[in-house]
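Hi,

Here is the structure I promised to pass on. My notes on it follow below.

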Amino acid sequence: YKKNEGKETNMEVKKSSLIFFLYALVMFWPDYFFFGMIKYLENLLAAYAVIYVYNNRKRISGLSIIVIIYFTYFLLDTFLQGRGDIHTLISNAKIALFFVVTDIQFEKEKYDTVNIMWWFVFVFSLMNFFSLILFPNGLYRVETVWNESGTKTSAPYWILGFKNSQAFWYLLLEILALLKWYLRPTRINKFFAYGCAIVAVAAQLLVRSSTATVACIVGAIGIWIAISFERKNVPIKSINSYLIVAINYIVNALLVFGMATFLGPVVQTLFNKDLTFSNRTNAWIAAFSGFLKNPIHGTGILTSESAKEVLGSLSYMQAHNEWLQCLWQGGIILFVIVTVMFLAVAKRINKIVDSKLKVVANLFLVSIFVEMAFEVWLGSQLTWIMVLMIYKMKCMESEKILSC
């Protein structure tokens, strides 16, 4: 009986891995290669995901519950305020579903889950990297109207989109490559981990995205620490993850409220920006003014056109700061939910025993915060999966030591 039970369990895992393979493929599929069949397959797999999540509800982690609360509140807030449509509902529900499915699948088969996602992110990121080299001026260009007088500029786009939209592709590439090696520390996985770190940083240098370059360098340092100190028993000191979250909020407050003049030399050196941060301060002021009009619930999810109207400029489609975006469109309630989520991640990191892995987890958390200081990223499944992988690092450590 035990043998048959084992076979059935193995078959169940392989079946779920195959379905996850298809699901990850359509969720990571770049818009540049979009065709109609992808949309139908995505909807079909999303419907299956609802059943899958229900049948495996006991495997759902605390982080997934927070994420479900986040999306449920944000969508309810949007529709109760008379905004949003069926597209808003479906697109956000798909991100939440994919997050929870990945969470459950990871508990069933850690390495296969990481490996499947890594392959897709690796292939698409590498294709994009070569497109940056072969077409430095972009595969195509998109015109943007900046003001009411009709002033236009055109920006280059590649397989993974505009330069500022590529950051989390390469950050996710780094963390998946690292975890792939950590779970199976073979020579080829070590080669891939180092290679992915080099590609990630090089890609950001090619598109001249200073913020993403810094974030990817932080991730690359994490990879170097994990692999270089693998066989050394020297513990590496790491600060408390709660402190990283707290510092992140303090720095963002200083930036947004214009109290960071002392950071001028650092900003110029690291990010190659002045203290207007490429005129992001105008968006910050407008978004904060919008928050003050409805501080508890915010505006709800806005379309790009509605955001431009609320922010009072054709130049802005979002707040260019994740924390301001949460306050502006979700109010204090959404801000608290997001804070609780990152505190849950920090709590999980603090439980990691392996000092090297703990440092790596903290570094990738910092890389997320660096990006979120200047862009809005919680609308992308890439960001959510990266947050999940950081949260699951404790589980990966347990895979080698005790049990998850």
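Predicted model: local features only at pLDDT ≥ 70, side-chain atom pairs only at ≥ 80, totals over all residues.

Which residue forms a salt bridge with Lys356? The partner is Asp354, with the closest N and O atoms 3.9 Å apart. (A salt bridge here is a side-chain nitrogen of Lys or Arg within 4 Å of a carboxyl oxygen of Asp or Glu.)

Residues are numbered from 1 along each chain as its sequence is written, and side-chain values use heavy atoms, leaving out hydrogens and water.

The count comes to four salt bridges. Lys392 takes part in one with Asp103 at 2.7 Å and in another with Glu107 at 2.6 Å, N to O. Shared partners join Asp103, Glu107 and Lys392 into one network. On burial (buried is under 20% relative accessible area, exposed over 50%, partly exposed in between, with a 1.4 Å probe and protein chains only): Asp103 is buried at 0%, Lys392 is buried at 1%, and Glu107 is partly exposed at 23%.

Phe130, Ile133, Leu134, Phe135 and Leu206 form a nonpolar surface patch, with about 490 Å² of accessible area together. (Patch residues have over 30% relative accessible area and no salt bridge; like charges are joined within 9 Å, nonpolar side chains (Val, Leu, Ile, Met, Phe, Trp, Tyr) within 5 Å; areas are Shrake-Rupley with a 1.4 Å probe, and for residues only the protein chains shown count as cover.) Phe135 is partly exposed, at 40% relative accessibility.

Cheers
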